[in-house]
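This report looks at how the parts of one structure meet. Keep the structure open while reading.

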Amino acid sequence: MRKTAENADNMIAVKRLILITIVFSLCLNFYGEIDESIKADSTVKKTKEDKEGKFTPGEFMLEHIIDKHEWHIVTIGHTPITIPLPIILYSNISGWHFFFSTKFHLGYETYENFKFAKEGKNKDKIVEITSDGEILPLDMSVTKVVFSLFLSTIIIIILFISIAKQYLRNPYKAPSGIQSAMEPMILFVRDDIAKPSIGEKKYEKFMPYLLTIFFFILLNNFLGMIPIFPGGANINGNIAVTMVMAIFTFVITTFNANKHYWQEIYNAPGVPWWLKFPIPLIPLIELMGVIIKPVVLMVRLFANITAGHLIAIAFVSLIFIFAEIHPVLGYGISVLSALFSIFMGLLEILVALIQAYVFTLLSAIYFGMATAEHHETKQNH
Amino acid sequence: MLTTLLVLLEAAGIAKLGAGIGAGLAAVGAGLGIGLIGGNFMEAIARQPEAVGDLRSNMIIAAALVEGVAFFAIIVCLLILFL
């Protein structure tokens with residue numbers, strides 16, 4: 001038993017070493033690109049600064065919400081320090097392309113027939129310049145949100161595998177360290193979300209998915225509130241991310257649904273026959289319900305997190321709007337803005353917790369409905 | 001005649017006015033809904049103080065669901081403004 005424990009320790013150490021070397025070599029690769037991007041951006045930025053003087057709050061807000069192909073950390077003076085991210089494109093004409101976003105230099109150059117479209121119907125997307133005009137390639141780049149997703153995935157994997165190893169090694173020991181921090185939350189998901197909604201007999205099958213969803217959404221929300229790298233990417237405020245999670249819930253519900261569930265939808269007992277045939281009204285409405293429930297899950301999480309970020313940005317841009325009128329007003333409003341931002345930040349932490357809880361709870365309720373046993377309806381005369 | 005009317009409306013920014021009014025109505029709806037939930041929560045605590053734990057978690061769930069609906073309206077208004 002001790003030998004396997006030592007082997008497990010060795011394996012953890014080896015895996016950590018591999019991970020660190022991979023990350024370090026990637027960082028070295030990035031360093032060259034960051035250097036180049038700083039030198040290039042400093043020459044371009046000077047010409048751009050003359051054009052913009054006014055502060056546009058709409059653009060400012062949108063810039064911080066949407067997904068981008070580079071990660072902007074600070075702007076010291078006139079030079080922005082960004083982490084350029086790889087752009088991976090596939091076009092039907094010229095095949096696969098892989099390059100870093102420094103080649104675009106804030107969208108002013110074209111590279112290998114690709115450029116950022118600044119206007120037109122493909123605004124803010126990468127287009128390929130061909131003889132027929134501009135076409136959109138298949139864009140599979142590692143953008144800011146994708147990179148942040150990788151980071152949070154790595155954090156979750158490292159955290160929970162180490163907790164699981166601790167449990168495996170000594171199952172009868174009282175929890176200590178990181179175990180004792182996570183155990184109440186894991187038990188909370190099991191006892192307050194899974195067991196009441198799905199039932200004692202069947203909840204174990206769904207526990208891995210529910211735990212993953214809960215901690216994934218929670219960690220992404222918390223990372224999004226940290227203003228500096230590696231946090232600060234608007235992950236759950238990207239509708240693609242929430243759509244994928246809602247699709248997972250929908251797929252798991254559909255595949256685990258028993259006959260009783262489908263009967264409730266398409267042939268509900270107790271509904272008069274003329275609502276189902278010849279025009280199947282009730283089945284249509286129930287089918288819409290089946291589709292709409294995951295869609296609502298998606299939009300709820302997306303809207304809550306995006307609104308939280310927008311409010312934080314709005315309070316900051318309030319300072320700049322007032323400062324344009326008179327600098328003293330800017331200083332005055334900054335105190336109020338800071339206080340409100342702190343208050344909204346606390347509210348956002350609450351919203352992060354509540355949204356993770358509600359997403360997991362509703363998923364569990366849908367699973368419970370899908371696997372529910374048949375209840376005989378009692379008629380009291 | 002219709003096109004001139006539409007051009008005039010667009011120049012006057014009626015779409016943005018609509019977005020603003022819509023967002024305000026969404027806020028009113030959310031406030032009313034969550035206020036009702038909170039009020040009933042207070043009454044229920046007054047009737048049976050020992051059930052506070054159950055009631056609180058159910059209140060949070062109901063509040064999150066009502067807010068979700070209000071956020072639909074906010075997203076539509078944001079789409080009007082920025083698209």
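**One residue in a helix**

A helix here is a DSSP run of H or I with at least four residues, and helices are numbered from the N terminus. A:G289 belongs to such a run, helix α8 of chain A. The model is predicted, so local features are described only where pLDDT is at least 70.

**Where chain A meets chain B**

Between the two chains, 10 residues of chain A are in contact with nine residues of chain B. On the side of chain A that touches chain B, α8 (281-325) and α9 (327-370) of chain A each supply at least two residues. The most comes from α8(A), which gives six residues.

By residue type, this side of chain A divides into eight nonpolar residues, one polar and one charged.

**Two domains of chain A**

Chain A is divided into domain 1, residues 2-141, and domain 2, residues 145-370. The contact between these domains involves 13 residues of domain 1 and 17 residues of domain 2.

Which elements supply at least two residues each of the side of domain 1 that touches domain 2? They are α1 (2-51), α2 (57-65) and β1 (70-76) of chain A. The largest share, five residues, comes from α2(A). The residues on this side of domain 1 are 11 nonpolar, one polar and one charged.

**A pair of helices**

Helix α6 of chain A covers residues 239-255, and its axis comes within 9 Å of the axis of α9(A). The two axes cross at roughly 15°. Angles under 35 degrees count as roughly parallel, so α6(A) is roughly parallel to α9(A). The crossing of α6(A) and α9(A) is right-handed.

Which residues make the contact? From α6(A) they are A:T249, A:I252 and A:T253. From α9(A) they are A:S363, A:Y366, A:F367 and A:A370. The residues of this contact of α6(A) with α9(A) divide into four nonpolar and three polar, with no charged residue.

Definitions and conventions: Residues numbered from 1 in each chain as written. Chains lettered and ligands numbered in written order. Predicted model: local features only at pLDDT ≥ 70, side-chain atom pairs only at ≥ 80, totals over all residues. Contact = placed C-beta atoms within 7 Å. Nonpolar A, V, L, I, M, F, W, Y, C, P; charged D, E, K, R; others polar. Domains from an automatic or database assignment. Axes fitted to C-alpha atoms, helices over the stretch in contact; angles between N-to-C directions. Parallel < 35°, antiparallel > 145°, perpendicular 65-115°, else oblique. Left-handed = near helix turned anticlockwise from the far one by under 90°.
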